[in-house]
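Subject: Structure for your study

Dear colleague,

My notes on it follow directly after.

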Amino acid sequence: MRILLTMMDDGPEQVPDDRNTPEAIARENQLKADLETAWKCTLHHLPQFYHVDFFAERAGELVAWVEVKQRSCTSTQYPTVFMNVDRKFRHLIAHSETAPAFFVVRWSDGVTRFIDVCDVKPEWLGEGGENDRWGPGEHDMEAVFLIPIDEMRVL
């Protein structure tokens, strides 16, 4: 099925928070450029509070949905990387009905890996999150997929 896209503004205004620093935005823009080069497509930012970061198009046709994450640790520090089930996975799976949906991670050592969400396995389901975002008490724990890094493809 060929889906023609109406081009969206590539510069959505970002609501300031502690994660939208100029440095973080610059890192995301570099990752975007690297993905465009590797995948020979154009990535378009979706609005800040949309469930997916980008859609990819080639010649006016939707070719992928892309969620990107930047990690402050190296790619060898942990054996897995987590993807939130409710906030990311469910939306990516729903979007995969129209085009492949990819979860992309870049670590602090510059390594970039990705996985098609249709390849995520049920046995990777676990719990994760931050224990201290709003003070002690594990307020930000949730269902996640603990994706083995070696199961992801290198960009």
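Which residue in strand 5 is the bridge partner of lysine 69? It is valine 105, and the notes below lead back to that pair.

First, some remarks on the source. This is a predicted model, in which local features need pLDDT of at least 70 and side-chain atom pairs count only at pLDDT 80 or more, while totals for chains, interfaces and linings use all residues. Residues are numbered from 1 along each chain as its sequence is written, and side-chain values use heavy atoms, with hydrogens and water left out.

Overall composition

The chain has two helices and nine strands; these are DSSP runs numbered from the N terminus, with H or I over at least four residues for helices and E over at least two for strands. From the N terminus on, their order is α-β-β-β-β-α-β-β-β-β-β. Of the 155 residues in the chain, 38% are buried, where buried means under 20% relative accessible area, exposed over 50% and partly exposed in between, with a 1.4 Å probe and protein chains only. Contact means heavy atoms within 4.5 Å; among contacts between residues at least 6 apart in sequence, 60% join residues at least 24 apart.

Helix 1

Helix 1 covers residues 22–39 and reaches 26 Å from its first C-alpha to its last, close to the 26 Å expected at 1.5 Å a residue. That expected span is 1.5 Å times one less than the number of residues. Its buried residues are Ala24, Leu31, Lys32, Leu35, Glu36 and Trp39. The buried residues pack against strands 1, 2, 3, 5 and 6. Lysine 40, which follows helix 1, has a positive phi, near 50°.

Six strands form an open sheet in the order 1-2-3-5-6-9, with mixed pairing; two strands pair if DSSP finds at least two bridges between them. Strand 1 and strand 9 are the edge strands, each pairing on one side only. Strand 2 and strand 3 pair in the antiparallel sense over five bridges, and alanine 56 has alanine 64 as its bridge partner in strand 3. Strand 3 and strand 5 pair in the parallel sense over six bridges, which is where lysine 69 and valine 105 meet as bridge partners. Valine 105 also stands opposite arginine 113 in strand 6. Strand 5 and strand 6 form a hairpin with five residues between them, and glycine 110 in the turn has a positive phi of about 90°.

In a regular strand the side chains alternate between the two faces of the sheet. From strand 5, Ala101, Phe103 and Val105 point one way and Phe102, Val104 and Arg106 the other way, and all are buried.

The cores

A nonpolar core is a set of buried Ala, Val, Leu, Ile, Met, Phe, Trp, Tyr and Cys residues joined through side-chain atoms within 4.5 Å. The largest has 24 residues, and Trp65 and Phe103 are among those with the most contacts inside it. Apart from it lies another core of 13 residues, including Leu31, Ala64, Val66 and Phe114.

Yours sincerely
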